[in-house]
Amino acid sequence: MTKSLKRGLEETAEAARRLGFDVVPFEITEEEFNEANDAFMLMASNNSSSEMMVQSMKKGGETFLGPIGSLLLTREAGWLKRKLIDFVLYYVLNNKRQHRIMKNLRVMDFNTLELKLKERYDFVDRFSKKWRDSGITVLLMPQFPTPAIKLENVGPMGLMLHYSVMQNITGFPAGVFPVTKVRADEQDFSDAYGDAWTKFTQHDVKDSEGLPVSIQMIGYSYEDEQVLGLMKVLSKEIGYKLDLFEDELSKYKLDLF
């Protein structure tokens, strides 16, 4: 997570305190993030609708964009080719985190798929219980580890899904809203991984001053109205303003929240 996102979370939490809300920690462990990601990749790789779309595009002679083509190549690779892809990702490209995320990006036979889907339901049940036991109403967290992705980094950084797969797997409602902008002293980055994603993130935050920093709010299942309501209240308290099109917005008296 970049410096600007950490500050954005802190400022959002402080705004919630000013409004009288209790702000408490809620930990999602690395193991839970990995379980959610594995379930997401499993469903994305073995979804009948996605398969039909891919086959239809191939039949029509359409060309896949580079990142999508690479993912399809990995998904459909046989045992030997997949071993080679994994080796290149892990050892040659030093992209260990992407290697881990793509663990379940593969076509599975029916019996294996059923067992994996059961693991997904078990995970959702455990995570839902953890949420209820904690007593929280909503969860504030990043949606992505950087404020924005530069066009040239969309492919290699597109699988940084840790912060976004949780609500996809649980079905919990979520929304994203801007809270601040990147400052001049927040255009550098370092982490403990030191892998390819670290380098891409370092490149991505350069020249990012002024970019909007957004925070994700997640609610419990079927409590969409609470998420929308709290996003509106927090947004007004924070007072983030758009730099662009402000005059145009005022003409139509649009209230974004």
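Rings of Phe, Tyr and Trp (its six-membered ring) pair if their centres lie within 6.5 Å; planes under 30 degrees apart count as stacked, over 60 as edge-to-face and the rest as tilted. By this rule there are ten aromatic pairs. The model is predicted: local features need pLDDT of at least 70, side-chain atom pairs count only at pLDDT 80 or more, and totals for chains, interfaces and linings use all residues. Residues are numbered from 1 along each chain as its sequence is written, and side-chain values use heavy atoms, leaving out hydrogens and water.

**Stop 1.** Select phenylalanine 33 and tyrosine 163. Their ring centres are 6.0 Å apart and their planes at 85°, so the pair is edge-to-face. Phenylalanine 33 sits in helix H2 (residues 30-45), tyrosine 163 in the loop between H8 (154-157) and H9 (165-170). Helices (H or I, at least four residues) and strands (E, at least two) are DSSP runs, numbered from the N terminus. Phenylalanine 33 has 9% relative accessibility, so it counts as buried (under 20% relative accessible area; exposed is over 50%, partly exposed in between; 1.4 Å probe, protein chains only).

**Stop 2.** Move to tyrosine 220, in the loop between strand S3 (212-219) and helix H11 (224-238). Tyrosine 220 is buried at 18%. Which residue's side chain makes a polar contact with the side chain of tyrosine 220? Arginine 132, at 2.8 Å (a pair of N or O atoms within 3.5 Å; within protein, one must be able to donate a hydrogen and the other to accept it, and residues adjacent in sequence count only if both atoms are side-chain atoms).
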